[in-house]
Amino acid sequence: MPIRPVLYSNKFNELVLLKCLFLLVALVGCSPPGEPVKCSTKDSNCTVTNSYGAFPDRTVCRAGNVVYPISEQESVSILSAATEVQRKMKVVTHFSHSIPKLVCPDGQDGLLISTKNLNRVVKINLTAMTMTVESGVTLRQLINEAAKAGLALPYAPYWWGLTIGGLLGTGAHGSSLWEKGSSVHDYVVEMRIVSPAKAEDGYAKVWVLNESDKDLDAAKVSLGVLGVISQVTLKFQFLFKRSITYVMKDDTDLGDKVVTFGKLHEFADMFWYPSQRKVAYRIDDRVPVNVSGSGVYYFTPFRSTLSSVLSVIRSVEETQESLRDTEGKCLNAKLVTSTLQSSAYGLTDNGVIFTGYPVIGFHHRLQSSGTCLDSHKDSLITACPWDPRIKGEFFHQTTFSIDLSVVKSFIQDVQKLVSMDPKSLCGLELYNGIVMRYVKASTAYLGKQEDAIDFDITYYRSKDPMAPRLYQDVLEESKWRCSNTMLCRIGGRTVTWCSMG
């Protein structure tokens, strides 16, 4: 009975998505994201959200006031006044990209302290190869200012819309098992933090922590609970070049290859498409600076898109969910994967076109991207794909880390789930599959305890909190297997982290 409509729907979805993805690759303009903090009376009676417009529990976070200090001295005054009256405070960043509710204060009595205006480069020391910045400086600012001085932050998250304070607070990282690893906090050599204090200290105090202080390992990843990060000094390297090639292979031996691959290539990562039984290996290493190449990486999912196109894509996925159209999702997932693969995921030879691998260029032009942030206002004709002001992407993100010593078992468990129902994880592949990034053990107290792989999974979220997702049980089973691996399967070994955000 439903065969003809479903087949028609699948063909229609395929054609629409093909057009949408073509536009996704082509567009370069965009409306900048909205402010995360909105107040009804100037800077009072406020609400705060993240860049996706919704926290995991969908509740609204309220605050009595928001303040925007422009210096460390102003931060001290603000914390002093609030601490004296025992007012609860939380720090909010410019773009507020944290998915959990780390930014929520104590309702109408709470105070938000924004680092939006703490956005200056304080000092560059070429002799020491360090750079000191205020905590509201974005990753993109940091990378570009360092490059002007001939320096490079060796490893960083892939999205450049994070602030330095925000990415340190949450332990953000890139992908590498080399040197100190891919976590930015492991390259911090000094921090200045404004924290609440006793009355005899004026209710606020500036802590200056460097590598000789054991407390630096507590402050480097703190989830924002220790105070307002005022300044951060990071260790850099001389600017270098990289060579990137993506290779798509069968995932049959992924469990066997995954550990070795990360040790062979400095900036290795993987896009895993379990329902298609494929994995895209990123072969990414340093090359001499005299090797020819002007490559730029504008990662396709981080580019701006026509709002009308995003609306169509969302409507298609909502229809597939309501009709339980697994066939349509799997067809569209293959289209997404093939389109991203053919466009080299946004890699270009010169910022415009891609002619073939390898793509070679300077590190700062390849390590991070987010061009949908770069634009003038265009009345939301275009936007970042997840902008909550339009009908666009609305998704869950689950991330967990598994030690290298046991990661093979987890990969094999997921492959067994797919063997039982080959269409069960197609929905993940509409969002470019499972991103696998290498993370090294850290001395930070809230850093990784062991060398591990982060599994980043993005998948459909309904606007209706009561509506079940298609194959929700399989995703929950995958999560359980991660937890089960941690608790039962390993014997004397442990999983570093398994958090279902």
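Select valine 66 and leucine 112 to begin: in this predicted model, leucine 112 of β5 is the bridge partner of valine 66. Now extend the selection to residues 61-67, which form strand β3, and to residues 111-114, which form strand β5. These two strands pair in the parallel sense, and three bridges connect them.

Next, bring the surrounding sheet into view. Five strands make up this open sheet, and their order is β1-β2-β3-β5-β4. The pairing within the sheet is mixed. To find the edges, select residues 37-41 for β1 and residues 89-92 for β4; each of these strands pairs on one side only. Looking across the sheet, the reader may follow a twist that averages 45° from one strand to the next.

Which helix packs on this sheet? Select residues 72-84, which form helix α2. Helix α2 touches β3, β4 and β5, and its direction makes about 170° with that of β5.

The tour now moves further along the chain. Select residues 241-250, strand β13, together with residues 278-287, strand β15. Here the pairing is antiparallel and extends over ten bridges. Within this pair, lysine 249 stands opposite valine 279 of β15.

As background to both kinds of pairing, the strands of a sheet pair through backbone hydrogen bonds, in either the parallel or the antiparallel sense.

The next stop is a helix. Select residues 307-322 to display α7, a helix of 16 residues. From its first C-alpha to its last, α7 reaches 22 Å, close to the 22 Å expected at 1.5 Å a residue. Which residues of α7 are buried? They are Ser307, Val309, Leu310, Arg314, Val316, Glu317, Gln320 and Glu321. Just after α7, select arginine 324, which takes a positive phi of about 55°.

Finally, clear the selection and display the whole chain. How many helices and strands does the chain have? There are eleven helices and 23 strands. Of the 501 residues in the chain, 54% are buried. Among contacts between residues at least 6 apart in sequence, 74% join residues at least 24 apart. If a surface is displayed, the accessible surface of the chain comes to about 21,700 Å², and 57% of that area belongs to carbon and sulfur atoms.

Definitions and conventions:
Residues are numbered from 1 along each chain as its sequence is written. This is a predicted model: local features need pLDDT of at least 70, side-chain atom pairs count only at pLDDT 80 or more; totals for chains, interfaces and linings use all residues. Side-chain values use heavy atoms; hydrogens and water are left out. Two strands pair if DSSP finds at least two bridges between them. Helices (H or I, at least four residues) and strands (E, at least two) are DSSP runs, numbered from the N terminus. Axes are lines fitted to C-alpha atoms, for helices over the stretch in contact, and angles run from 0 to 180 degrees between N-to-C directions. Contact means heavy atoms within 4.5 Å. The expected span of a helix is 1.5 Å times one less than its number of residues. Buried means under 20% relative accessible area, exposed over 50%, partly exposed in between (1.4 Å probe, protein chains only). Accessible areas come from the Shrake-Rupley method with a 1.4 Å probe; for residues, only the protein chains shown count as cover.
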